[in-house]
Amino acid sequence: MYGPLARRSLILVAAILAAGFVLPLCVPVYFLYLANVLMMYAVLAIGLDLLLGWSGQFAFAHIAFFGIGIYGTALFDLRLGLPFVIGMPLAAALAGLIGWIIAIPSTRLRTVYLALATYAFAECAQWAFRTFDRITGGPDGLRIRPANVLGYATGTDPAALPVVAAILCLMLLATLYLMRSRLGRHFAAIRDSEHVAAACGIAVKRTKIAGFVLSAIYAGVAGGMYTLYESFVNPDVLGVAQLVLVLTMVVVGGPGSILGVLLGVVLIGLLPEVLRAAPRGLLVWQEFFYGAILVLAVMFMPRGLWGVIEERLRARPTASRRAPSSTSSASLRSEATQP
Amino acid sequence: MSSLLLMQAVASGIVTGCVYALVALSLVIIYKSTDVVNFAGGELVMLGAYVGLLALTFFTLPYVTMIGLSVVIVFAVGALFERVALNTITGRRYAAHADLVPLVVATVGLGYLLKGIVRVVPYTEEVRRLPPLIAGPPLFFGDVILQRQDLAIVAVTIVVMLALTLFFTFTRAGKALRATSQNPRAAALIGIPVRRMRMAAWGLSSAIAALAGILLAPKLLMTPDMGTVVMLAFAAAIIGGFTSLPGCVIGGIVLGVVQNLVGVLLSPQAIAVTPFFVIMVVLLLRPQGLLGEALAPKKV
């Protein structure tokens, strides 16, 4: 571990937890539903960011692990009668296990081939959820029973929110610690240069596989959270559109930064609501907006919105003490990438 | 009876395979010259088909003019996207991972953007069908039945594949495109206009996608989601090796035939998952495909 957690991260986590318990008392149900959805997406997006932003792997299988989380948790409950506190970790572990099996061969592949192989896996998984209807309910979907979390029944939005928030906080804390651990540093080293990382004695392949498995577990947990506030799942939820949504959240918010990803989740997650509220049915333009935002974000904000905010903060005179070191590292970096 | 069914399945598999191959050719051109995998390839196909439909039914242009118009418009869209978006991204030297991820993400964005625009155009609400290039009664080869349009598809695919192979092997521009992909810096040093080359590659690829769209649309129902055909093209390109143009066509035909045989012999349900299964198996067992160059470790 490299130093204790920053106080502002702890405050953020505490604020989310508090919101989870206070909001159900004072906010309309529809907003609680939104809060549940956003918190679930936060875990999903942070998991994707572990791969994309931290360990620099471009993998599309995320949505399949999300599906394994949902169906796993729901089916463990329906068929085996396992309570949520056992079923959800089991489902997440199952997602991790399948992630591990997929990761071993696919981490050999280069960027684009990895993207295609994992994308194909995601499509195969969606097909499996749709086709093996005796287990999953097929295209008609599967009804999810309200979960029983240690005697506390969820299933409605107000009831689910505290549990969802608590899980998000646990995952956030885990991520914050992970980023400061040896493994987290290894991820960043590999992202920046595989060759240099290997030369420093980092086991590149093993670290990549670890990143893949962890990301799958995050997606599995997000799937478990989904079963807390939704009462129904069908395979259409697990399509490319969903994946692109999460990808947009990460890319727009700021890959490689937890705060950035959370920012992206809130902004992109609320976009449909904003469009719905806007006059003249802007909702039909939703796809167009997602596309345009994605293209513009990679064009003008390589490190996402959070990168822009950070630059602004750094440019302020109050931060002058840190300015020289940051500019020198920036110039080093630009020299390194120039021919 | 059963053998007739199989022959028909193989024959129509070859035809659909040629459509996949045509889309795959458009993907491979971009990959060969810029290293980018174009996730918007399917949407360019869709755009080509819809521009054609609009030209035929709304402006009542003749078929040949329509093909020209659609190809030119989609060419412009592709070239413009490269110049405006991708060029901005590659031109910037930020952070250490100036790799392909942002470029591929941008193509994903382009796909959604195009799909969104086409969906909003009021004309696309009802499902329509583009008239075929060559109409007429079906032809019989022994007991196998093929539409005239099918023959046109096979012919166009083979012509395009041959023309592209000749272009990449023998012309200056084609060699320059390959050099651009292999080492942009060295290519720029010997005087190849790298930026213009990339733009040309995107335009060329988009034009072929438009052609594929016009040939494909009569066989499918047109919806803004018809871009999903790109996954089949990815599978075809991967079987062929992603860098080889003849490999694409072979891969497309193999995929088309395998899909039909799976439908006849196993179950129609399994048709949808075949391409993805094929992608995974080929990538995991033989990542260089049938005709592709061995995967070299990425230059530092």
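This note goes through the confidence, the domains and the helix packing of a predicted model.

1. Basis of the note. Residues are numbered from 1 along each chain as its sequence is written, while chains are lettered from A and ligands numbered from 1 in the order in which they are written. Because the model is predicted, local features need pLDDT of at least 70 and side-chain atom pairs count only at pLDDT 80 or more, whereas totals for chains, interfaces and linings use all residues.

2. Overall confidence. The model scores ipTM 0.83 and pTM 0.84. With pLDDT taken as the predictor's confidence in each residue, from 0 to 100, the mean for chain A is 82, and 90% of its residues reach 70 or more; for chain B the mean is 83, and 92% of its residues reach 70 or more.

3. Confidence by element. Helices (H or I, at least four residues) and strands (E, at least two) are DSSP runs, numbered from the N terminus. In chain B, the lowest mean pLDDT among the elements belongs to strand 1 (residues 139-141), at 76, and the highest to helix 8 (residues 194-216), at 90. In chain A, confidence is highest in helix 10 (residues 204-229), at a mean of 91, and lowest in helix 15 (residues 323-337), at 39.

4. The stretch to treat with caution. Over residues 319-339 of chain A pLDDT stays under 50, and the model has 13 contacts beyond four places in sequence for these residues, a contact being two residues whose C-beta atoms, placed from the backbone, lie within 7 Å. Where pLDDT is low, the predicted coordinates should not be read in detail.

5. Domains of chain A. The assignment gives domain 1 (1-238) and domain 2 (241-339), with bounds that come from an automatic or database domain assignment. Taken over C-alpha atoms, the centres of domain 1 and domain 2 of chain A are separated by 21 Å. Their contact takes 21 residues from domain 1 and 16 residues from domain 2. On the side of domain 1 that touches domain 2, helix 2 (29-54), helix 3 (62-80) and helix 7 (157-180) of chain A are the elements that give two or more residues, and helix 2 of chain A gives the most, with 13 residues. That side of domain 1 divides into 17 nonpolar, three polar and one charged, where Ala, Val, Leu, Ile, Met, Phe, Trp, Tyr, Cys and Pro count as nonpolar, Asp, Glu, Lys and Arg as charged, and the others, Gly among them, as polar.

6. Helices 11 and 14 of chain A. Axes are lines fitted to C-alpha atoms, for helices over the stretch in contact, and angles run from 0 to 180 degrees between N-to-C directions. Helix 11 (residues 240-253) and helix 14 of chain A pack at an angle of about 10°, with their axes 3 Å apart, and are therefore roughly parallel to each other (angles under 35 degrees count as roughly parallel, over 145 as roughly antiparallel, 65 to 115 as roughly perpendicular and the rest as oblique). In this contact A:Val251, A:Val252 and A:Gly253 of helix 11 meet A:Gly304, A:Leu305 and A:Trp306 of helix 14, giving four nonpolar, two polar and no charged residues.

7. Helices 12 and 14 of chain A. The axes of helix 12 (residues 258-277) and helix 14 (residues 304-315) of chain A come within 7 Å and cross at roughly 120°, and the two helices are therefore oblique to each other. A:Leu259, A:Gly260, A:Leu263 and A:Gly264 in helix 12 meet A:Gly304, A:Leu305 and A:Trp306 in helix 14, and these residues divide into four nonpolar, three polar and no charged.
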